[in-house]
Amino acid sequence: MWPGLISIRRSIFFTLVLAGLVLIPVPRAESADREISVAAAADLTAALQELAASYQKRTGVLVKLSVGSSGALAQQIQNGAPFDIFFSADMDYPRQLIASGHADGATLYRYAVGQLVLWVPRDSPLDVERRGMDVLLDLSVKKIAVANPQHAPYGRAAVAALKHYRLYETVSDRLVLGENVSQAAQFVESGNAQAGFVALAHVVAPPMEGEGKYWVVPEDAHPPLDQGVILISHSAHEKEARAFLGFVRTEEAAGVLRRYGFTSPDQKYKLK
């Protein structure tokens, strides 16, 4: 495939993400007479697309994915969006939905822990793999992309990491905010930022794999990116949704998540 065509496709995808929500189509099987609607944090795009396709192939249940920032998706659910399941990039938004009566608290569990990375384009002269956070002090770094910490857990983690390394005050005027972590990655990929804080899941999955260099931010530099999933109370397909949640708990699904840069925590999580 021509490089120009790949770039165009990538640009179209990220343009859709700018709105905070993009539908990910999964080909419909001929026997698919049931379906569920899944809202998912942007870092899960590739992993859940693979899981959805696998699940549909074996069950005939169509899994419709809608990805965006966790905060924006939670707001849509509170406003009545017809989702059946919500995969958040944190535990807080699911708890908020439980508190407001929009989600079933008994179904909440921590399905993965995400990893934050500092990412630069492949042709960047910045040696991020060795220098880590110090590359942000380089005079060539005019803009640093982060997801909006107002509603994106990865954005909050990025800000916490900058403060941990005592760099926040130095670079805060150079931060550019993406609607979600996918848009933060797009800012770097498009050249509108020279570095960015994104999810490891983005940089190890197509179309970003091999397109840049990265440094994994140590886990002790920011609050853990515990990611929770929950069943929505007004689900119109509760039986099918519960069955898909069961599939996501399997070792097979955990293996897919690990391939995309997530760690697999204990499945049970105590509400605080």
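Student: Is the crossing of H2 and H10 left-handed or right-handed?
Tutor: The model is predicted: local features need pLDDT of at least 70 and side-chain atom pairs pLDDT 80 or more, while totals for chains, interfaces and linings use all residues. Residues are numbered from 1 along each chain as its sequence is written, and side-chain values use heavy atoms, without hydrogens and water. A crossing is left-handed if the near helix is turned anticlockwise from the far one by less than a right angle, and right-handed if clockwise. For H2 and H10 the crossing is right-handed.

Student: At what angle do the axes of H2 and H10 cross?
Tutor: Helices are DSSP runs (H or I, at least four residues), as are strands (E, at least two), numbered from the N terminus. Axes are lines fitted to C-alpha atoms over the stretch in contact, with angles from 0 to 180 degrees between N-to-C directions. The axes of H2 (residues 45-59) and H10 (residues 238-248) come within 11 Å, and the crossing angle is roughly 115 degrees.

Student: Which residues of H10 make the contact with H2?
Tutor: Contact means heavy atoms within 4.5 Å. On the side of H2, the contact involves Leu48, Leu51, Ser54, Tyr55 and Arg58. Its partners on H10 are Glu240, Ala243, Phe244 and Phe247.

Student: Which element gives the largest share of the lining of the second largest pocket?
Tutor: A pocket is an open set of points on a 1 Å grid over the protein atoms alone, with protein on both sides within 12 Å along at least five of seven lines, and lining residues have an atom within 4 Å of a point. The second largest pocket is lined by 14 residues, with Asp90, Asp92, Arg156, Pro223 and Pro224 nearest its centre. Helix H4 (92-99), helix H6 (153-164) and strand E11 (225-231) each supply at least two lining residues. The largest share, four residues, comes from H6.

Student: Which residues of helix H3 are buried?
Tutor: Buried means under 20% relative accessible area, exposed over 50%, and partly exposed in between, with a 1.4 Å probe and protein chains only. H3 is followed by Gly80, whose phi is positive, near 100 degrees. Within H3 (residues 70-78), the buried residues are Ser70, Gly71, Ala72, Leu73, Ala74 and Ile77.

Student: Why is Gln96 classed as partly exposed?
Tutor: Gln96 is found in helix H4. Its C-alpha atom is separated by 9.6 Å from that of Gln78, 18 residues apart along the chain. Gln96 is classed as partly exposed because its relative accessible area is 41%.

How values were computed. 1 Å grid on protein atoms, 1.4 Å probe; cavity = no way out; pocket = protein on both sides within 12 Å on 5 of 7 lines; lining within 4 Å.
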